[in-house]
Amino acid sequence: MYVASIAVDEVIERLRTFILLFMQADGGEVVRGQTNRVPMPADPCCVLTDILIIDLSVPHADQDPLLQQAMIYGPARIDIQCDFYGEQAAEYGKTFKTIFRSSWGCDQFPKNVQPLFTSDGSNTPLVTGEKQYEQGYTITASIQYNPTVTVPQDSATVATPNKLVPVDVFY
């Protein structure tokens, strides 16, 4: 089975950890979106939903004939919708956008997962099950991640020079 060195779930978990840096102090939770039968957490909270993955280049490979394998690299951009909820939703969104775009923000992520940019935020109130409006603020974060897939690679392990192999020739 061929598995990428880093999965989408790991990228989203890195973003979750980053957002918790400033939301956890207020008791905020950060959860993954689009889960069935799971109620939304209490305010304040942030819901992360992956919405798009784009290849940033054509995959390229490095071959290792000694190990008889190839490592195929395929840099990608993932866009993740960050929905902040609660009375301070807009402030959380602005804080996130500011530090995500900074060099400090880049330092909080591993080298194979790096912030690229964010959209501008938008006011996105939510109508709850109780028919009440809940303050919401949405920003899309774009992150580059660099998965590597290792695959078997056939290569010659022994070469026999100057040996003729008879071949039938038909005219």
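**View 1. Pairing of E3 with E4.** Strand E3 and strand E4 (residues 69–73) run antiparallel and are joined by five bridges, where strands are DSSP runs of E with at least two residues, numbered from the N terminus, and two strands pair if DSSP finds at least two bridges between them. Within this pairing, Gln63 has Ala70 of E4 as its bridge partner. The model is predicted, and local features need pLDDT of at least 70, side-chain atom pairs count only at pLDDT 80 or more, and totals for chains, interfaces and linings use all residues. Residues are numbered from 1 along each chain as its sequence is written, and side-chain values use heavy atoms, with hydrogens and water left out.

**View 2. The three-stranded open sheet.** The strand order is E3-E4-E11, with antiparallel pairing. Strand E3 (60–64) and strand E11 (148–152) are the edge strands, each of them pairing on one side only. From one strand to the next, the twist averages 25°, with axes taken as lines fitted to C-alpha atoms and angles running from 0 to 180 degrees between N-to-C directions.

View 3. With a disulfide defined as a pair of cysteine sulfur atoms within 2.5 Å, the count is zero. For Cys45, which is in no disulfide, the nearest cysteine sulfur is that of Cys46, 7.4 Å away. Cys82 is likewise in no disulfide, and its nearest cysteine sulfur, again that of Cys46, lies 5.1 Å away. Cys45 counts as buried because its relative accessibility is 0%, buried meaning under 20% relative accessible area, computed with a 1.4 Å probe on protein chains only. Cys82 also counts as buried, at 0% relative accessibility.

Notes
Buried < 20%, exposed > 50% of the residue type's maximum accessible area, 1.4 Å probe, protein only. Helix = DSSP H or I, 4+ residues; strand = E, 2+ residues; numbered from the N terminus.
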